[in-house]
Amino acid sequence: MRKLFLSPFFSPLFFIVLWSALVLTVLIFYPEKTFEITTDGELIDVATYTSYGLMLLTMVCVFQDFKKKRLSWLIYLMLGVCALLREAGIQHHLSKTDSTPFKSRFFLNPDNPLSEKIFYGAILLILFGAILYLAIKYAKHLTTSFFKLNTITWSIATFCSVLVFAKFADRFPSHYRHVKNLDVLPRSFIDLWSLLEESSELFLPLLVVITFWQYHILKKSST
């Protein structure tokens, strides 16, 4: 079991098998409840928050594994908390004059206060700076180790792939409506893509949990 968990293919197979099972179960057995299942406060939403709680708890549990990488651990924790807050929709409650302060239109809108633009701009710079730090520090290693079937690298690659897919699923309906010049999309179409988005986002924190525990076991084995 330990050998299977530490395999570079564990994370991608974990996602593909369980995510496919979840999506197919909903579409085959509960197609009429797709909208209800993906609504805020319902099944997938509750499971997603539970996954984020498990993710943050895992980060705390493996803290000692990052004695020489304290800054990296703090960035991981910060990004994890930010992801949880975004999932909770906090971005829609921050600005007094706009729907969200984290889009380009917010900074281009002259009606939004300069103080808010400076404050939220600084937050974005901190987040981008943290991500850039990780990219510079680990990009070379991740690139070379991917072809060597490094377990952690493959888990990170799986996480990034799922993240990109979730964003694609989130944007696709609106882009499709624009390209096809449609006023309204079919309800079934919207529900399908909502299911694909919400279900894939559910697995993001779980993939982080897997990655941290894989790192913990591998580090413990090497000492």
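## Arg86 and the end of α5

Arg86 sits in helix α5, residues 70-87; helices here are DSSP runs of H or I with at least four residues, strands are E runs of at least two, and both are numbered from the N terminus. At 38% relative accessibility, Arg86 is partly exposed. The scale is simple: under 20% relative accessible area is buried, over 50% is exposed, and partly exposed is in between, with a 1.4 Å probe and protein chains only. Setting aside neighbours within four places in sequence, Arg86 is in contact with Gln91 and Lys167, where contact means heavy atoms within 4.5 Å.

A word on ground rules: this is a predicted model, so local features need pLDDT of at least 70 and side-chain atom pairs count only at pLDDT 80 or more, while totals for chains, interfaces and linings use all residues. Residues are numbered from 1 along each chain as its sequence is written, and side-chain values use heavy atoms, with hydrogens and water left out.

## The overall fold

The protein chain has nine helices and zero strands. Its C-alpha trace spans about 60 × 50 × 30 Å along the principal axes. Of the 223 residues, 37% are buried. Take the contacts between residues at least 6 apart in sequence: 67% of them join residues at least 24 apart.

As for the surface, the accessible area of the chain comes to about 13,800 Å², and carbon and sulfur atoms hold 70% of that. Areas come from the Shrake-Rupley method with a 1.4 Å probe, and for residues only the protein chains shown count as cover.

## Salt bridges

Searching the whole structure turns up two salt bridges, meaning a side-chain nitrogen of Lys or Arg within 4 Å of a carboxyl oxygen of Asp or Glu. One pairs Asp191 with Arg187, with the closest N and O atoms 3.1 Å apart. Both residues belong to helix α9 (residues 187-222) and are four residues apart, about one turn of the helix. An α-helix has 3.6 residues a turn, so residues three or four places apart point the same way. Asp191 is buried at 12% relative accessible area, whereas Arg187 is partly exposed at 47%.

The side chains of Asp170 and Arg171 also meet in a salt bridge, at 4.0 Å from N to O. Here Asp170 is partly exposed at 27%, and Arg171 is partly exposed at 42%.

## Helix α2, inside and out

Helix α2 covers residues 10-29.

Together with Phe9, Leu13, Ile16, Leu18 and Leu149, Val17 makes a nonpolar surface patch of about 530 Å². Patch members need over 30% relative accessible area and no salt bridge; like charges are joined within 9 Å, and nonpolar side chains (Val, Leu, Ile, Met, Phe, Trp, Tyr) within 5 Å.

## Ser145 in α7

Ser145 lies in helix α7, residues 114-146, and is buried at 4% relative accessible area. Not counting residues up to four places away in sequence, Ser145 touches Asn150 and Thr153. With Thr153, the side chains make a polar contact at 2.5 Å. That term means a pair of N or O atoms within 3.5 Å; within protein, one must be able to donate a hydrogen and the other to accept it, and residues adjacent in sequence count only if both atoms are side-chain atoms.
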